[in-house]
Amino acid sequence: MVEKMNEKVIKLADVEEVCDFVSASGMCDFDIDISDQRMVIDAKSILGVMGLGIRKELTVKYGGEDLSFENVLNKYAVA
């Protein structure tokens, strides 16, 4: 069975928001990827997420469900 990947576009405005997002990602027991147009990074890596840049639209892909993580994603979601 192929598990459906969820996808959401977010924008992180500063280092504090990056830390909040990475912390929430780290609490999940499933893989989470975050990407810009050129590379895909493990969302649980603070250096990786910082390397993608701040104030850019980033795509988050994940294959599990976690209410706390969803709440963090919704906080930074691009309308």
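## Salt-bridge network around Asp36

In this predicted model, Asp36, Arg38 and Lys56 are joined in a network of salt bridges. Arginine 38 bonds to aspartate 36 with the closest N and O atoms 3.4 Å apart, and the side chain of lysine 56 meets that of aspartate 36 at 3.1 Å, N to O. Lysine 56 belongs to the loop between helix H2 (46-52) and strand E4 (57-62), while aspartate 36 sits in the loop between strand E2 (32-35) and strand E3 (40-42), so this pair ties together parts that are 20 residues apart in sequence.

Lysine 56, at 28%, counts as partly exposed. Arginine 38 is exposed, with a relative accessible area of 58%.

The whole structure contains 4 salt bridges. One of them is formed by the side chains of aspartate 20 and lysine 75, with an N to O distance of 2.9 Å. This pair links distant parts of the chain: aspartate 20 is in helix H1 and lysine 75 is in helix H3 (residues 67-76), 55 residues apart.

Aspartate 20 is partly exposed at a relative accessible area of 25%. Lysine 75 reaches 53% and is classed as exposed, because the threshold for exposed residues is over 50%.

## The antiparallel sheet

The model has an open sheet of 4 strands in the order E1-E4-E2-E3, with antiparallel pairing. Strand E1 (6-11) and E3 are the edge strands, and each pairs on one side only. From one strand to the next, the twist averages 30°.

Between E1 and E4 there are 6 bridges in the antiparallel sense; within this pairing, lysine 8 has valine 60 of E4 as its bridge partner. E2 and E4 also run antiparallel and are joined by 4 bridges, and here isoleucine 32 stands opposite tyrosine 62 in E4. The antiparallel pairing of E2 and E3 extends over 3 bridges, with serine 35 partnered by valine 40 in E3.

## Faces of the sheet and helix packing

In a regular strand the side chains alternate between the two faces of the sheet. Strand E4 has a covered face consisting of Leu58, Val60 and Tyr62. Its uncovered face consists of Glu57, Thr59 and Lys61.

Helix H3 lies across E1, E2 and E4 and runs at about 45° to E1. Lysine 75, the partner of aspartate 20 in the salt bridge, is located in this helix.

Leaving aside residues up to four places away in sequence, serine 25 touches Ile32, Ala43, Lys44 and Phe69.

Conventions: Residues numbered from 1 in each chain as written. Predicted model: local features only at pLDDT ≥ 70, side-chain atom pairs only at ≥ 80, totals over all residues. Heavy atoms only, no water. Contact = heavy atoms within 4.5 Å. Helix = DSSP H or I, 4+ residues; strand = E, 2+ residues; numbered from the N terminus. Buried < 20%, exposed > 50% of the residue type's maximum accessible area, 1.4 Å probe, protein only. Pairing = 2+ DSSP bridges. Axes fitted to C-alpha atoms, helices over the stretch in contact; angles between N-to-C directions.
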